[in-house]
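Subject: Structure for you to look at

Hi,

Here is the structure I promised to pass on. My notes on what turned up follow below it.

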Amino acid sequence: MKKVLVATDKPFAKVAVDGIRQIIESAGYELVLLEKYTEHSDFVKAVESVDAVIIRSDIADREVIEAGKNLKIIVRAGAGYDNIDLAAASEHKVVAMNTPGQNSNAVAELALGMMVFMARNAFNGSSGTELRGKKLGIHAYGNVGRYVAEIAKGFGMEIFAFDPFVSAESMEKDGVKPLKSAEELYSSCQYVSLHIPANAQTKKSIGFSLLSSMPKGATLVNTARKEVINEEELLRVFEERPDFRYLSDIEPDAKAEFAEKYAGRYFFTPKKMGAQTSEANVNAGLAAARQIVDFLEKGITTFQVNKF
Ligand code: 3PG
């Protein structure tokens, strides 16, 4: 009997686990559940006997992939797959997939939610500001960026986007103004919402020159990855610009320095929670389970992100 491991340090909602189990067991496979594990070695051990794995932000490094002697497929239930060692997966002929779009609305709602929270001074009762009429720059116009635009439109924001991989026409169709460079986006918009993936090109790419060019009262919203920020340079902007604010879905490495010097100008979720809704868990988790069954039964490789 084939075995499918769900390895989630940050577990899915129960309703999603039930749905995954139903799909896996209906296919005649066994579901193995490893939730809230504390040691990476627990994941390495659990992968030893399984054919397929579903993960979230769990680290599927070379050690995990090489431990999976029967492993044929690993699906990241979510968008970003920077937590999978793709080279190791390809070397061992393990198919790696993501489930694009399935948790995007949840992430977008958090981005806008954090913006409202900060604009209203963390709901502390003092007089804040409104989002209506403010310029919002969406950095990367993929699945999450599109939802952010849709929701921000309801708030009456003026929306811009920069994405070299998306046509100006498709942005314009959504009522979004396309810009030609990141420089133009940051220097034009008081709010910037980040949706770029973390890879060799983007890591530490958001730094002093872009951030310091933002207009007065600037707020950077990061529901992407902390790795894309050059934290040292962000701290320099914080030092020089008392008006600058940072919202991040996951604490930065320099969280102690923010806490010590810049109280009230930032908000960080303690654990990445953009996709932490029942709806997103169901969408992404069930899509991952279906993709595994489709691959193991019919060899369907839609959403494969590695090559071999
Ligand atoms: C993603 O890449 O899909 C999001 O960052 C969500 O990650 P999570 O599944 O760990 O919450």
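In helix α1, the buried residues are Ala16, Val17, Gly19, Ile20, Ile23 and Ile24; buried means under 20% relative accessible area, exposed over 50% and partly exposed in between, with a 1.4 Å probe and protein chains only. Looking down the axis of α1, these buried residues fall within an arc of 160°, so they line one face of the helix; the arc is that of the directions from the helix axis to the C-beta atoms. Lys14, Gln22 and Ser26 are exposed on the other side of α1. An α-helix has 3.6 residues a turn, so residues three or four places apart point the same way.

Please keep in mind that this is a predicted model, where local features need pLDDT of at least 70, side-chain atom pairs count only at pLDDT 80 or more, and totals for chains, interfaces and linings use all residues. Residues are numbered from 1 along each chain as its sequence is written, and side-chain values use heavy atoms, with hydrogens and water left out.

Helix α1 covers residues 14–26 and reaches 18 Å from its first C-alpha to its last, close to the 18 Å expected at 1.5 Å a residue. Helices here are DSSP runs of H or I with at least four residues, numbered from the N terminus, and the expected span is 1.5 Å times one less than the number of residues.

Now to the open space. The largest pocket has a volume of about 1,200 Å³. On a 1 Å grid over the protein atoms alone, a pocket is an open set with protein on both sides within 12 Å along at least five of seven lines, a cavity is a set of points where a 1.4 Å probe fits but cannot get out, and lining residues have an atom within 4 Å of a point. Of the 48 residues lining the largest pocket, Gly80, His195, Ile196, Pro197 and Ala198 are the closest to its centre. Helix α6 (143–154) is one of the elements that supply at least two lining residues, and α6 gives the most, with 3.

There is also 1 cavity of 30 Å³ or more. Its lining consists of Phe12, Arg56, Ala77, Asn103, Ala275, Ala280, Asn281 and Ala284.

Happy browsing, and do write back with any questions!

Best wishes

How values were computed. Points joined across faces, edges and corners; volume = space filled by probe spheres on them.
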